[in-house]
Amino acid sequence: MVNTKVNLCGLLLDNPVIPASGTFGYGYEFNELYDINILGSFSFKGTTREPRFGNPTPRIAECASGMLNAVGLQNPGVEKVISEELPRLKECFHKPVVANVSGFSLDEYTEVCAKLDKEEQVGILEVNISCPNVHGGGMSFGTSCESAAEVTKAVKAVTTKPVVIKLSPNVTDIVSIAKACEEAGADGISMINTLMGMRIDLRTKKPIIKNKTGGYSGPAILPVALRMVYSVYEAVNIPIIGMGGISTAEDVIEMMLAGATAVEVGAANLIDPFASKKIVEDLPVVMEKYGINNLTDITGGAH
(Lines give C-alpha, C1' and ligand atoms only; values in the text may rest on other atoms or scores of the structure.)
Protein backbone atom coordinates (compact mmCIF):
# COMPACT_ATOMS: atom_id res chain seq x y z
CA MET A 1 0.00 0.00 0.00
CA VAL A 2 1.58 3.29 -1.09
CA ASN A 3 1.56 6.42 1.08
CA THR A 4 0.44 9.62 -0.70
CA LYS A 5 0.58 11.88 2.39
CA VAL A 6 2.86 14.94 2.39
CA ASN A 7 3.72 17.55 5.02
CA LEU A 8 3.35 21.08 3.66
CA CYS A 9 4.48 23.84 6.02
CA GLY A 10 3.33 21.77 9.01
CA LEU A 11 0.02 20.72 7.46
CA LEU A 12 -0.36 17.01 6.82
CA LEU A 13 -2.14 16.56 3.49
CA ASP A 14 -3.70 13.27 2.36
CA ASN A 15 -2.03 13.86 -1.01
CA PRO A 16 -0.09 16.70 -2.69
CA VAL A 17 -2.83 17.67 -5.16
CA ILE A 18 -4.14 21.25 -4.72
CA PRO A 19 -6.33 22.90 -7.37
CA ALA A 20 -4.86 26.32 -8.11
CA SER A 21 -6.41 29.67 -7.29
CA GLY A 22 -8.74 31.03 -9.94
CA THR A 23 -9.45 27.60 -11.42
CA PHE A 24 -11.54 26.09 -8.62
CA GLY A 25 -13.72 28.96 -7.37
CA TYR A 26 -14.56 28.43 -3.69
CA GLY A 27 -14.81 24.66 -4.00
CA TYR A 28 -18.54 24.20 -3.63
CA GLU A 29 -19.05 24.57 -7.39
CA PHE A 30 -16.90 21.47 -7.94
CA ASN A 31 -18.41 19.66 -4.95
CA GLU A 32 -21.61 19.38 -6.99
CA LEU A 33 -19.64 17.06 -9.31
CA TYR A 34 -17.61 15.02 -6.78
CA ASP A 35 -16.57 14.95 -3.13
CA ILE A 36 -13.73 17.48 -3.10
CA ASN A 37 -12.47 16.13 0.26
CA ILE A 38 -10.39 13.64 -1.75
CA LEU A 39 -8.05 16.57 -2.54
CA GLY A 40 -5.04 17.46 -0.43
CA SER A 41 -6.40 21.00 -0.23
CA PHE A 42 -7.31 23.73 -2.70
CA SER A 43 -6.43 27.38 -3.19
CA PHE A 44 -9.52 29.55 -3.43
CA LYS A 45 -10.06 32.52 -5.71
CA GLY A 46 -7.59 35.38 -5.33
CA THR A 47 -8.90 37.82 -2.72
CA THR A 48 -8.42 41.59 -2.60
CA ARG A 49 -9.55 44.21 -0.07
CA GLU A 50 -12.33 45.63 -2.27
CA PRO A 51 -14.64 43.75 -4.65
CA ARG A 52 -13.28 43.52 -8.20
CA PHE A 53 -15.27 43.00 -11.38
CA GLY A 54 -12.09 42.04 -13.20
CA ASN A 55 -10.94 42.97 -16.69
CA PRO A 56 -13.26 43.72 -19.61
CA THR A 57 -14.15 40.87 -21.95
CA PRO A 58 -12.99 39.02 -23.94
CA ARG A 59 -10.49 37.80 -21.37
CA ILE A 60 -9.87 34.21 -22.49
CA ALA A 61 -8.11 33.00 -25.65
CA GLU A 62 -7.29 29.46 -26.71
CA CYS A 63 -3.76 28.44 -27.64
CA ALA A 64 -2.01 25.27 -28.74
CA SER A 65 -1.47 23.14 -25.61
CA GLY A 66 -2.90 25.77 -23.31
CA MET A 67 -4.85 28.97 -22.90
CA LEU A 68 -4.48 32.69 -22.22
CA ASN A 69 -6.47 34.40 -19.49
CA ALA A 70 -6.72 37.97 -18.28
CA VAL A 71 -9.55 37.64 -15.77
CA GLY A 72 -8.08 40.35 -13.55
CA LEU A 73 -8.68 39.05 -10.02
CA GLN A 74 -12.48 39.12 -10.12
CA ASN A 75 -13.67 38.51 -6.55
CA PRO A 76 -16.25 39.83 -4.03
CA GLY A 77 -13.67 41.37 -1.68
CA VAL A 78 -12.33 40.03 1.61
CA GLU A 79 -15.34 40.94 3.78
CA LYS A 80 -17.77 38.95 1.63
CA VAL A 81 -15.28 36.09 1.27
CA ILE A 82 -15.25 35.83 5.08
CA SER A 83 -18.98 36.38 5.65
CA GLU A 84 -20.40 34.44 2.69
CA GLU A 85 -17.90 32.27 0.80
CA LEU A 86 -16.00 30.65 3.68
CA PRO A 87 -19.12 29.48 5.58
CA ARG A 88 -20.47 27.96 2.36
CA LEU A 89 -17.08 26.37 1.65
CA LYS A 90 -16.98 24.88 5.17
CA GLU A 91 -20.18 22.96 4.50
CA CYS A 92 -18.55 20.87 1.77
CA PHE A 93 -14.77 20.96 2.46
CA HIS A 94 -13.59 19.71 5.85
CA LYS A 95 -9.84 20.28 5.58
CA PRO A 96 -7.64 23.38 5.87
CA VAL A 97 -7.82 25.49 2.72
CA VAL A 98 -5.23 27.71 1.01
CA ALA A 99 -6.23 31.41 0.96
CA ASN A 100 -4.84 33.23 -2.08
CA VAL A 101 -4.30 36.96 -1.48
CA SER A 102 -3.56 39.74 -3.95
CA GLY A 103 -3.01 43.43 -3.41
CA PHE A 104 -2.18 46.79 -4.92
CA SER A 105 -0.24 48.11 -1.91
CA LEU A 106 1.57 46.84 1.17
CA ASP A 107 -1.35 48.00 3.30
CA GLU A 108 -3.78 45.95 1.24
CA TYR A 109 -1.70 42.80 1.43
CA THR A 110 -1.31 43.10 5.21
CA GLU A 111 -4.96 43.97 5.85
CA VAL A 112 -6.35 41.09 3.78
CA CYS A 113 -3.83 38.58 5.15
CA ALA A 114 -4.47 39.63 8.76
CA LYS A 115 -8.22 39.13 8.30
CA LEU A 116 -7.94 35.75 6.57
CA ASP A 117 -5.32 34.59 9.08
CA LYS A 118 -8.04 34.64 11.76
CA GLU A 119 -10.34 32.29 9.82
CA GLU A 120 -10.50 28.71 11.10
CA GLN A 121 -10.70 27.13 7.64
CA VAL A 122 -7.54 28.85 6.40
CA GLY A 123 -4.47 26.65 6.78
CA ILE A 124 -2.00 28.51 4.54
CA LEU A 125 -1.85 32.05 3.15
CA GLU A 126 -0.68 32.10 -0.47
CA VAL A 127 0.44 35.65 -1.21
CA ASN A 128 0.27 36.34 -4.92
CA ILE A 129 2.95 38.82 -5.99
CA SER A 130 2.86 37.51 -9.55
CA CYS A 131 -0.48 38.25 -11.24
CA PRO A 132 0.34 39.49 -14.78
CA ASN A 133 -3.20 40.67 -15.55
CA VAL A 134 -3.68 43.72 -13.34
CA HIS A 135 -2.07 47.13 -13.57
CA GLY A 136 -0.25 48.67 -10.61
CA GLY A 137 -0.39 45.60 -8.39
CA GLY A 138 0.23 41.89 -8.36
CA MET A 139 3.31 41.23 -10.46
CA SER A 140 4.83 44.66 -9.81
CA PHE A 141 5.68 43.41 -6.31
CA GLY A 142 7.23 40.20 -7.57
CA THR A 143 9.75 41.45 -10.10
CA SER A 144 12.49 42.53 -7.69
CA CYS A 145 14.09 40.99 -4.62
CA GLU A 146 13.51 44.15 -2.58
CA SER A 147 9.77 44.46 -3.19
CA ALA A 148 9.18 40.71 -2.81
CA ALA A 149 10.99 40.74 0.53
CA GLU A 150 9.09 43.85 1.63
CA VAL A 151 5.72 42.19 1.05
CA THR A 152 6.88 39.00 2.78
CA LYS A 153 8.08 40.84 5.91
CA ALA A 154 4.94 42.95 6.11
CA VAL A 155 2.60 39.95 5.84
CA LYS A 156 4.62 37.82 8.30
CA ALA A 157 4.39 40.63 10.85
CA VAL A 158 0.58 40.40 11.01
CA THR A 159 -0.03 36.65 10.61
CA THR A 160 0.44 33.44 12.57
CA LYS A 161 -0.22 30.86 9.84
CA PRO A 162 2.27 29.69 7.19
CA VAL A 163 2.87 32.25 4.44
CA VAL A 164 3.69 30.97 0.96
CA ILE A 165 4.78 33.54 -1.63
CA LYS A 166 3.58 32.95 -5.20
CA LEU A 167 6.27 33.92 -7.72
CA SER A 168 6.17 35.09 -11.32
CA PRO A 169 8.15 33.37 -14.10
CA ASN A 170 8.22 36.70 -15.98
CA VAL A 171 11.50 37.76 -14.39
CA THR A 172 15.20 37.50 -15.18
CA ASP A 173 16.22 35.66 -12.00
CA ILE A 174 13.47 33.83 -10.09
CA VAL A 175 16.04 32.14 -7.85
CA SER A 176 17.22 35.41 -6.29
CA ILE A 177 13.63 36.48 -5.65
CA ALA A 178 12.84 33.14 -3.98
CA LYS A 179 15.91 33.50 -1.76
CA ALA A 180 14.91 37.06 -0.83
CA CYS A 181 11.46 35.81 0.22
CA GLU A 182 13.00 33.04 2.31
CA GLU A 183 15.35 35.48 4.05
CA ALA A 184 12.37 37.77 4.74
CA GLY A 185 10.58 34.96 6.58
CA ALA A 186 8.48 33.14 3.96
CA ASP A 187 7.42 29.65 5.04
CA GLY A 188 7.21 28.42 1.46
CA ILE A 189 7.31 29.31 -2.23
CA SER A 190 4.52 28.77 -4.75
CA MET A 191 5.58 28.70 -8.42
CA ILE A 192 5.12 29.34 -11.25
CA ASN A 193 2.33 31.70 -12.11
CA THR A 194 1.42 32.15 -15.79
CA LEU A 195 3.76 33.30 -18.55
CA MET A 196 2.77 36.51 -20.31
CA GLY A 197 1.44 35.96 -23.81
CA MET A 198 -0.78 37.28 -26.58
CA ARG A 199 -3.04 36.13 -29.42
CA ILE A 200 -4.09 38.28 -32.40
CA ASP A 201 -7.35 37.93 -34.32
CA LEU A 202 -6.48 37.73 -38.04
CA ARG A 203 -9.86 39.15 -39.05
CA THR A 204 -9.78 42.25 -36.86
CA LYS A 205 -5.96 42.37 -36.79
CA LYS A 206 -6.19 43.26 -33.09
CA PRO A 207 -5.29 41.36 -29.89
CA ILE A 208 -8.05 38.87 -29.02
CA ILE A 209 -7.94 39.71 -25.32
CA LYS A 210 -9.24 43.17 -24.40
CA ASN A 211 -6.36 43.52 -21.93
CA LYS A 212 -4.05 42.87 -24.94
CA THR A 213 -1.89 40.40 -22.98
CA GLY A 214 -2.82 37.49 -20.75
CA GLY A 215 -1.30 34.72 -18.67
CA TYR A 216 -0.38 31.61 -20.65
CA SER A 217 -1.04 28.33 -18.86
CA GLY A 218 -1.50 24.67 -19.74
CA PRO A 219 0.64 21.63 -20.62
CA ALA A 220 3.03 23.65 -22.81
CA ILE A 221 4.54 25.47 -19.82
CA LEU A 222 5.37 22.34 -17.78
CA PRO A 223 9.04 22.18 -18.90
CA VAL A 224 9.50 25.86 -17.98
CA ALA A 225 7.93 25.30 -14.56
CA LEU A 226 10.04 22.20 -13.92
CA ARG A 227 13.26 24.04 -14.73
CA MET A 228 12.39 26.92 -12.40
CA VAL A 229 11.29 24.66 -9.52
CA TYR A 230 14.49 22.63 -9.96
CA SER A 231 16.65 25.78 -9.76
CA VAL A 232 14.83 27.27 -6.76
CA TYR A 233 14.94 23.95 -4.86
CA GLU A 234 18.75 24.08 -4.96
CA ALA A 235 18.76 27.61 -3.53
CA VAL A 236 16.20 27.57 -0.68
CA ASN A 237 15.41 25.41 2.35
CA ILE A 238 11.65 26.00 2.49
CA PRO A 239 8.92 23.92 0.79
CA ILE A 240 7.87 24.61 -2.80
CA ILE A 241 4.37 24.22 -4.20
CA GLY A 242 5.06 23.47 -7.86
CA MET A 243 2.63 24.34 -10.63
CA GLY A 244 2.52 25.06 -14.32
CA GLY A 245 1.07 22.65 -16.86
CA ILE A 246 0.29 19.79 -14.48
CA SER A 247 -2.52 17.61 -15.87
CA THR A 248 -1.62 14.01 -14.96
CA ALA A 249 -0.35 11.97 -12.00
CA GLU A 250 2.91 11.49 -13.92
CA ASP A 251 3.30 15.29 -14.02
CA VAL A 252 2.87 15.39 -10.24
CA ILE A 253 5.72 12.87 -9.76
CA GLU A 254 7.92 14.80 -12.19
CA MET A 255 7.30 18.10 -10.42
CA MET A 256 8.05 16.55 -7.02
CA LEU A 257 11.29 15.03 -8.33
CA ALA A 258 12.25 18.56 -9.44
CA GLY A 259 11.78 19.78 -5.86
CA ALA A 260 8.11 20.36 -5.08
CA THR A 261 6.57 19.19 -1.80
CA ALA A 262 3.04 19.64 -3.19
CA VAL A 263 1.59 20.71 -6.53
CA GLU A 264 -1.19 22.92 -7.83
CA VAL A 265 -3.36 22.02 -10.80
CA GLY A 266 -4.61 25.02 -12.77
CA ALA A 267 -5.70 25.12 -16.40
CA ALA A 268 -6.51 21.40 -16.40
CA ASN A 269 -9.50 22.13 -14.12
CA LEU A 270 -10.91 24.54 -16.69
CA ILE A 271 -10.61 21.97 -19.48
CA ASP A 272 -11.93 19.04 -17.45
CA PRO A 273 -13.68 19.70 -14.11
CA PHE A 274 -12.75 16.17 -13.00
CA ALA A 275 -9.02 16.68 -13.73
CA SER A 276 -7.87 16.97 -10.10
CA LYS A 277 -10.04 14.02 -9.05
CA LYS A 278 -8.51 11.85 -11.78
CA ILE A 279 -4.98 12.87 -10.74
CA VAL A 280 -5.67 11.94 -7.09
CA GLU A 281 -7.11 8.57 -8.10
CA ASP A 282 -4.29 7.81 -10.56
CA LEU A 283 -1.48 8.78 -8.17
CA PRO A 284 -1.23 5.44 -6.26
CA VAL A 285 -1.20 3.49 -9.55
CA VAL A 286 1.59 5.65 -10.97
CA MET A 287 3.55 5.41 -7.72
CA GLU A 288 3.40 1.61 -7.86
CA LYS A 289 4.44 1.66 -11.52
CA TYR A 290 7.63 3.55 -10.65
CA GLY A 291 8.36 1.77 -7.37
CA ILE A 292 7.51 4.72 -5.10
CA ASN A 293 6.22 3.76 -1.65
CA ASN A 294 6.19 7.16 0.07
CA LEU A 295 5.70 10.43 -1.80
CA THR A 296 7.67 12.31 0.86
CA ASP A 297 10.76 10.36 -0.25
CA ILE A 298 10.85 11.75 -3.79
CA THR A 299 10.86 15.54 -3.29
CA GLY A 300 14.05 16.76 -4.97
CA GLY A 301 14.90 13.22 -6.06
CA ALA A 302 16.14 14.41 -9.48
CA HIS A 303 18.99 16.39 -7.90
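Let's start in helix H3, where Lys 115 and Glu 111 sit four residues apart, about one turn of the helix. An α-helix has 3.6 residues a turn, so residues three or four places apart point the same way. What do Lys 115 and Glu 111 do with each other? They form a salt bridge, with the closest N and O atoms 3.0 Å apart. Keep in mind as you look around that this is a predicted model.

**Salt bridges**

Side chains of opposite charge can pair when their charged atoms come close. How many salt bridges does a search of the whole structure find? It turns up 10. Here are some of them, with the distance from N to O:

| Pair | Distance |
|---|---|
| Glu 79 and Lys 115 | 2.6 Å |
| Glu 281 and Lys 277 | 2.8 Å |
| Lys 115 and Glu 111 | 3.0 Å |

Take Glu 79 and Lys 115, which link distant parts of the chain. Glu 79 belongs to helix H2 (residues 78-92) and Lys 115 to helix H3 (residues 106-117), and the two are 36 residues apart. Glu 111, at 29%, is another partly exposed residue.

Now hop over to helix H9 (residues 275-289). Glu 281 and Lys 277 are four residues apart there, so about one helical turn separates them. Glu 281 has 42% relative accessibility and therefore counts as partly exposed, and Lys 277, with a relative accessible area of 23%, is partly exposed as well.

**Two helices side by side**

Next, find helix H6 (residues 222-233) and helix H7 (residues 249-258). They pack at an angle of about 30°, and their axes are 8 Å apart. Angles under 35 degrees count as roughly parallel, so that is the word for H6 and H7. From H6, the contact uses Leu 222, Ala 225, Leu 226, Val 229, Tyr 230 and Tyr 233. From H7 come Asp 251, Glu 254, Met 255 and Ala 258. Sorted by class, the contact has eight nonpolar, no polar and two charged residues.

Just after H7 comes Gly 259, which takes a positive phi of about 145°.

**The nonpolar core**

In soluble globular proteins, nonpolar side chains tend to be buried together. In this model, the largest nonpolar core has 93 residues. Which of them have the most contacts inside it? Those are Phe 44, Leu 116, Leu 167 and Met 191.

Leaving aside neighbours within four places in sequence, Leu 167 is in contact with Ile 129, Ser 130, Ile 174, Ile 177, Ala 178, Cys 181, Ile 189, Ser 190, Met 191, Ile 192 and Asn 193.

Methods: Residues are numbered from 1 along each chain as its sequence is written. This is a predicted model: local features need pLDDT of at least 70, side-chain atom pairs count only at pLDDT 80 or more; totals for chains, interfaces and linings use all residues. Side-chain values use heavy atoms; hydrogens and water are left out. Axes are lines fitted to C-alpha atoms, for helices over the stretch in contact, and angles run from 0 to 180 degrees between N-to-C directions. Angles under 35 degrees count as roughly parallel, over 145 as roughly antiparallel, 65 to 115 as roughly perpendicular and the rest as oblique. Contact means heavy atoms within 4.5 Å. Ala, Val, Leu, Ile, Met, Phe, Trp, Tyr, Cys and Pro count as nonpolar, Asp, Glu, Lys and Arg as charged, and the others, Gly among them, as polar. A salt bridge is a side-chain nitrogen of Lys or Arg within 4 Å of a carboxyl oxygen of Asp or Glu. Buried means under 20% relative accessible area, exposed over 50%, partly exposed in between (1.4 Å probe, protein chains only). A nonpolar core is a set of buried Ala, Val, Leu, Ile, Met, Phe, Trp, Tyr and Cys residues joined through side-chain atoms within 4.5 Å.
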